[in-house]
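Visitor: I'm new to this one and would like to be walked through it. Could you put it up on the screen before we start?

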Amino acid sequence: MGRGDLTDAEWERLRPFLPVSNGRCGRWRDHRQVIDGILHRVRTGVQWRDLPERFGPWKTVYERHRLWSADGTWERLLQQVQAAADAEGEIDWDISVDPTIVRAHQHAAGARRTAASVCLKGGRRARTSGRNSLAEPARPAGGGGPGGEGLGRSRGGGFTSKLHLSADGRCRPLSFVITAGQRADCTQFQTVLAKIRVPRTGSGRPRTKPDSIAADKAYSNGPCREYLRRRGIRHTIPEKTDSQAARLRKGSRGGRPPGFDEERYRKRNTVERAINRLKQSRAVATRYDKRGYIFLGTATTAALLIWLRS
């Protein structure tokens, strides 16, 4: 077993949830060998063509990662691991939300446009290859680059993506959204929370509602607070200085100040520590993937490893 490969215990936790062959389209190459190759690439950021030979053909490893990023397999695996942790009472549901800027490498640029974004003269759509037509429905909302690949220009950051995430109280990512680097934090607040979905190991609906939420001033606005009140979620978000001044100017018409728990807000660093753990994977710290849905799969794979080893 090489450095960074799945241990026997980690493999046994994943094995029951992996896709199986339907017998019509050939057999899967050994899942464990391919997953170890994907984890090696996520950890080191090496080019797919430069994967060590012990992982098998590099194209097989890449295609497996692309396919599982497109059809949601990585997200389902992450949810199953989260479900097992929740069943044992190991998830701290006092969560925090924050984004992080990810610098995009020059290799992340230049993705071909698909039929959904390119029209030829006369209203005809360009033909799309099989791989793009498979991946198109799985792209996350948002973005800002060509074809919605989640690439943009952030102030002072250059060519970047933004990774919005929520994390539990033990510094483990719960959900992700990828957008262009210039997108405002608060625009993805509801989307990030809506993607929290931890299945029950027995009967019952998946858990989607945390006990409480902590976030910084970037989320201090009416829509975010109204959304949390509507769902009945306790929250700790500091009030912006200009909002406070405007409320005070109105006097009694300005209403009461929003509640703020300083002790709870101190725990917001859990999401910052979760980001640091994610960025120990070099393919997350720097984006090399051209397609937004593949980069989302890369981040999800890194999160899956954090959950397996926490």
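Visitor: Let me start with T236: is T236 buried or exposed?

Guide: In this predicted model, T236 has a relative accessible area of 5%, and because buried means under 20%, T236 counts as buried.

Visitor: Where is T236 found?

Guide: T236 is found in strand 6, which covers residues 234-236.

Visitor: And what does T236 touch?

Guide: Not counting residues up to four places away in sequence, T236 touches I213, A214 and A215, and also F260, D261, R264 and Y265.

Visitor: Stepping back a bit, how many helices and strands does the protein have?

Guide: The protein has 12 helices and seven strands, and buried residues make up 47% of its 310 residues. Of the contacts with a separation of 6 or more, 67% are accounted for by residues 24 or more positions apart.

Visitor: Okay, R287 next. Where is it found, and is it buried or exposed?

Guide: R287 is found in strand 7, residues 286-287, and it is buried, with a relative accessible area of 0%.

Visitor: Which polar contact does the side chain of R287 make with another side chain?

Guide: The side chain of R287 makes a polar contact with the side chain of S161, at 2.8 Å.

Visitor: What else is R287 in contact with?

Guide: Leaving aside neighbours within four places in sequence, the residues in contact with R287 include V102, R103, A104, H105 and A108, as well as G150, L151, I178, G292 and F295. As for T160, it is 127 residues away from R287 along the chain, yet the C-alpha atoms of R287 and T160 are separated by 8.2 Å.

Visitor: Changing topic, which residues touch the most other members in the largest nonpolar core?

Guide: The largest nonpolar core has 64 residues, and those that touch the most other members are F176, F189, L193 and L278. The largest share of this core, 12 residues, comes from helix 12, which spans residues 292-309.

Visitor: What does L278 touch, then?

Guide: Not counting residues up to four places away in sequence, L278 touches L163, L165, P173, F176 and V284, along with A299, A302, A303 and I306.

Visitor: Back to helix 12. How do helix 4 and helix 12 cross?

Guide: The axes of helix 4, residues 73-87, and helix 12 come within 9 Å and cross at roughly 25°, which means that helix 4 is roughly parallel to helix 12. The contact is made by residues including W74, L77, L78 and V81 of helix 4, and L296, T300, L304 and W307 of helix 12. The crossing of these two helices is left-handed.

Visitor: And what about helix 3 and helix 12?

Guide: The axes of helix 3 and helix 12 come within 8 Å and cross at roughly 95°, so helix 3 is roughly perpendicular to helix 12. Helix 3 makes the contact through Y62, H65, R66, S69 and A70, and helix 12 through Y293, I294, G297, T298 and T301.

Visitor: Last one: how do helix 2 and helix 3 cross?

Guide: The axes of helix 2, residues 31-44, and helix 3, residues 58-70, come within 9 Å and cross at roughly 85°, and these two helices are therefore roughly perpendicular to each other. Where they meet, helix 2 has H31, V34, I35, G37 and I38, while helix 3 has T60, V61, R64, H65 and W68.

Conventions:
Residues are numbered from 1 along each chain as its sequence is written. This is a predicted model: local features need pLDDT of at least 70, side-chain atom pairs count only at pLDDT 80 or more; totals for chains, interfaces and linings use all residues. Side-chain values use heavy atoms; hydrogens and water are left out. Helices (H or I, at least four residues) and strands (E, at least two) are DSSP runs, numbered from the N terminus. Buried means under 20% relative accessible area, exposed over 50%, partly exposed in between (1.4 Å probe, protein chains only). Contact means heavy atoms within 4.5 Å. A polar contact is a pair of N or O atoms within 3.5 Å; within protein, one must be able to donate a hydrogen and the other to accept it, and residues adjacent in sequence count only if both atoms are side-chain atoms. A nonpolar core is a set of buried Ala, Val, Leu, Ile, Met, Phe, Trp, Tyr and Cys residues joined through side-chain atoms within 4.5 Å. Axes are lines fitted to C-alpha atoms, for helices over the stretch in contact, and angles run from 0 to 180 degrees between N-to-C directions. Angles under 35 degrees count as roughly parallel, over 145 as roughly antiparallel, 65 to 115 as roughly perpendicular and the rest as oblique. A crossing is left-handed if the near helix is turned anticlockwise from the far one by less than a right angle, and right-handed if clockwise.
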